[in-house]
Amino acid sequence: MTFTPNEQEFLGQQPIGHLCTVGPDGDPQIRPVGVHLGADGTIEIVGHALASTQKWRNVIGNPRVAFIVDEVASVKPPRAQGVEVRGTAQALPGQGNTDDGLSGDIIRITPRRIVSWGIDHPDTRARSTGG
């Protein structure tokens with residue numbers, strides 16, 4: 001499964017998404033994370049101490065994840081857009097960069113399902129303002 005050019009553009013403009021993993025007791029855990037597109041059509045989650053986090057341990061125990069990035073520009077009139085990814089994740093120690101204090105560890109999400117809204121419809125897309 002691959003992202004459309006409009007989905008890639010949207011994801012590339014968003015600094016934060018939310019990663020949902022499944023804990024050892026079966027309960028979901030959701031955390032804000034940075035959005036990084038992998039060159040191979042994946043999402044890469046990086047961090048400063050990623051391998052010491054619960055989300056890292058959750059991915060090792062259960063690779064099923066969901067990831068969402070959305071933006072609401074207006075409720076009235078409704079203008080929102082977003083991308084939801086459902087897929088599998090891998091915990092990859094030491095396979096990323098260590099720039100800016102990053103740990104070098106990556107959680108790589110391979111999409112199996114991508115759902116987007118407001119991305120391809122200019123009348124419902126959130127509009128960015130200059131500033």
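## Close-up views of a predicted model

**View 1. D100, an exposed residue in a loop.** D100 is exposed, as its relative accessible area is 74% (exposed means over 50%, buried under 20% and partly exposed in between, with a 1.4 Å probe and protein chains only). You will find D100 in the loop between β5 and β6. Although D100 is not a glycine, its phi is positive, at about 55°. For background, most residues other than glycine have a negative phi. A word on what you are looking at: this is a predicted model, in which local features need pLDDT of at least 70, side-chain atom pairs count only at pLDDT 80 or more, and totals for chains, interfaces and linings use all residues. Residues are numbered from 1 along each chain as its sequence is written, and side-chain values use heavy atoms, with hydrogens and water left out.

**View 2. The cis peptide bond between K76 and P77.** K76 and P77 are joined by a cis peptide bond, with omega at about -5°. P77 belongs to the loop between β4 and β5.

View 3. Strand β1 (residues 16-22) and strand β2 (residues 28-34) run antiparallel and are joined by 7 bridges. Strands here are DSSP runs of E with at least two residues, helices are runs of H or I with at least four, and both are numbered from the N terminus; two strands pair if DSSP finds at least two bridges between them. Look for I16 opposite G34 in β2. The hairpin has 5 residues between its two strands, and G26 in the turn shows a positive phi of about 90°.

**View 4. Helix α1 and its buried side.** E7, F10 and L11 are the buried residues to look for in α1. They sit on the same side of α1, because they cover an arc of only 95° around the axis (the arc is that of the directions from the helix axis to the C-beta atoms). The cover over the buried residues of α1 includes β3, β4 (64-74), β5 (79-92) and β6 (106-117). On the face turned away from the buried side are the exposed residues P5, G12 and Q13.

**View 5. E7, a buried charge.** E7 is part of helix α1, which spans residues 5-13. E7 is buried but has no salt bridge, and R113, the nearest side chain of opposite charge, is 11 Å away. Here Lys and Arg count as positive and Asp and Glu as negative, while His and the chain ends are not counted; a salt bridge needs a side-chain nitrogen of Lys or Arg within 4 Å of a carboxyl oxygen of Asp or Glu. Leaving aside neighbours within four places in sequence, E7 is in contact with T2, V83, I114, S116 and I119 (contact means heavy atoms within 4.5 Å).

**View 6. The salt bridges.** There are 2 salt bridges in the structure. In one of them, the side chains of E44 and R108 meet at 2.9 Å, N to O. Since E44 lies in strand β3 and R108 in strand β6, this pair ties together parts that are 64 residues apart in sequence. Both E44 and R108 are buried. E84 and R86 also meet in a salt bridge through their side chains, at 2.7 Å, N to O. R86 is partly exposed, as its relative accessible area is 32%.

**View 7. I45 and its surroundings.** I45 lies in strand β3, residues 43-45. I45 counts as buried because its relative accessibility is 0%. Not counting residues up to four places away in sequence, I45 touches several residues, including L19, V33, L50, F67 and I107. β3 and β6 run antiparallel and are joined by 3 bridges, and I43 has I109 in β6 as its bridge partner.

**View 8. β5 alongside β6.** Here 11 bridges join β5 to β6, and the two strands run antiparallel. To find your place, look for G82, whose bridge partner in β6 is W117.

**View 9. Helix α2 and what covers it.** K55, W56, N58 and V59 are buried in helix α2 (residues 54-61). These residues lie on the same side of α2, because they cover an arc of only 160° around the axis. Among the elements covering the buried residues of α2 are β1, β2, β4, β5 and β6. The exposed residues I60 and G61 are carried by the face of α2 turned away from its buried side.
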